[in-house]
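Me: I would like to learn how to read a structure like this one. Please take me through its features in turn.

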Amino acid sequence: MAKPPVPEVLPCIALAGPTASGKTAAALAIARELPVEIVSVDSALVYRGLDIGTAKPDAAERAAVPHHLIDIRDPAQTYSAAEFAADARRLVGEIRARGAVPLLVGGTLLYFKALFEGLAQMPAADPLVRAALEARARVEGWPALHAELARVDASTAARLAPHDAQRIQRALEVWQLSGRPLSEWHAQAREHEVRPPALLLSLEPAQRSWLHERIAQRFEHMLRSGLLDEVRALRARPGLSPELPSMRCVGYRQAWEWLDAQERGEAPPLSELQARGIAATRQLAKRQLTWLRGMSERVVIACDAPDALDRVLQAVRASALAKGAA
């Protein structure tokens, strides 16, 4: 039997990992060694005005190395995984043409999947179906819709948290519009040609408690740095609502709900917002790690190791792209 063809390799280095795993520091360390341009793989960083709650790279970090796909959308707009894949493929070619190495950095694993594996041409978003699902969720709650999803698409429901409104809504929308579960569409996409990166590094903690402590410290820092003021400014803008993908980002959703309660004179203590934000971020990190475990080609770096950055650089130096850029 003939062997299957070796998949074409996408000429880039990818650096993935859960939130708060140290991706920015690792990316900047790589940039000090190689002529790289960073392509953000983050569904929150695309939005202008979402700075504190997304831990967006600051001006000095962005001045040190070119960054792409940051601040490219207004919060009232949407940005899909398919759009990301098209933009990233274009950028990889342009960066390579400039003699630099594309370094894809982020934690939106669906974006990585769309770029490296492709996505099936599933039904486009339908505003009426979405509005109906949101109306039901206001009455029944998202856990009830999650239970409904489990009946029609058990594998998708199993990887989603009961309060993951955006993804539950999309999965039920696809089911209602096509009569096919989202997992079936994803399986169809996996049949397409795969183009893995030349090197995929994954920052994953050996001890989950290390990541949990980092998440808590970072969310506390965001609150001290003015996250609530940032969300107040966004809430004051016409056209923004908590149903938009931008406002569903972890931290922003919890802050929006806390400010809603404050307006009603029912605001709980700030410590409760802090606890909810940390819990939601930990849930996000758990989902990200689940996605990462399914990427068999990844090179795992223990991000909680004292020499984590050295390990990242050793793996990069050994890659064919690094040798070619030397």
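The dialogue below goes from the whole chain to single residues.

Me: What kind of model is this, and how are residues numbered?

Reply: It is a predicted model, in which local features need pLDDT of at least 70, side-chain atom pairs count only at pLDDT 80 or more, and totals for chains, interfaces and linings use all residues. Residues are numbered from 1 along each chain as its sequence is written, and side-chain values use heavy atoms, with hydrogens and water left out.

Me: How many helices and strands are there in the chain?

Reply: Helices (H or I, at least four residues) and strands (E, at least two) are DSSP runs, numbered from the N terminus. Here the chain has 15 helices and six strands. Its radius of gyration is 20 Å, close to the 20 Å from the globule rule for 326 residues, so the chain is as compact as a globular protein of that length. The radius is taken over C-alpha atoms, and the rule is 2.2 Å times the number of residues to the power 0.38. Along the principal axes, the C-alpha atoms fill a box of roughly 60 × 50 × 35 Å.

Me: What share of the residues is buried?

Reply: Buried means under 20% relative accessible area, exposed over 50%, and partly exposed in between (1.4 Å probe, protein chains only). In this chain, buried residues make up 49% of the 326.

Me: What share of the contacts is between residues 24 or more positions apart?

Reply: A contact means heavy atoms within 4.5 Å. Of the contacts in the chain with a separation of 6 or more, 76% join residues 24 or more positions apart.

Me: Which residues does the "binding site" annotation cover?

Reply: UniProt positions are given in the numbering used here, feature names are shortened, and annotations may be inferred rather than shown by experiment. An unreviewed entry gives "binding site" for G17, P18, T19, A20, S21, G22, K23 and T24.

Me: Is T19 buried or exposed?

Reply: T19 counts as buried, at 9% relative accessibility. T19 lies in the loop between β1 (10–16) and α1 (23–31). Beyond four places in sequence, T19 touches L211, I215, R218, T281, L284, A285 and Q288.

Me: Where is S21 found?

Reply: S21 is also in the loop between β1 and α1, and at 4% relative accessibility S21 counts as buried. Leaving aside neighbours within four places in sequence, S21 contacts L203, W210, L211, R214 and C303.

Me: Which residues of α1 are buried?

Reply: They are K23, A26, A27, L28, A29 and I30. The buried residues of α1 pack against β1, β2 (36–40), α2 (59–64), β4 (101–106), β5 (197–204) and α14 (308–317).

Me: What does L289 touch?

Reply: L289 is in helix α13 (residues 270–293) and is buried, with a relative accessible area of 4%. Not counting residues up to four places away in sequence, L289 touches P18, E204, P205, R208 and L211.
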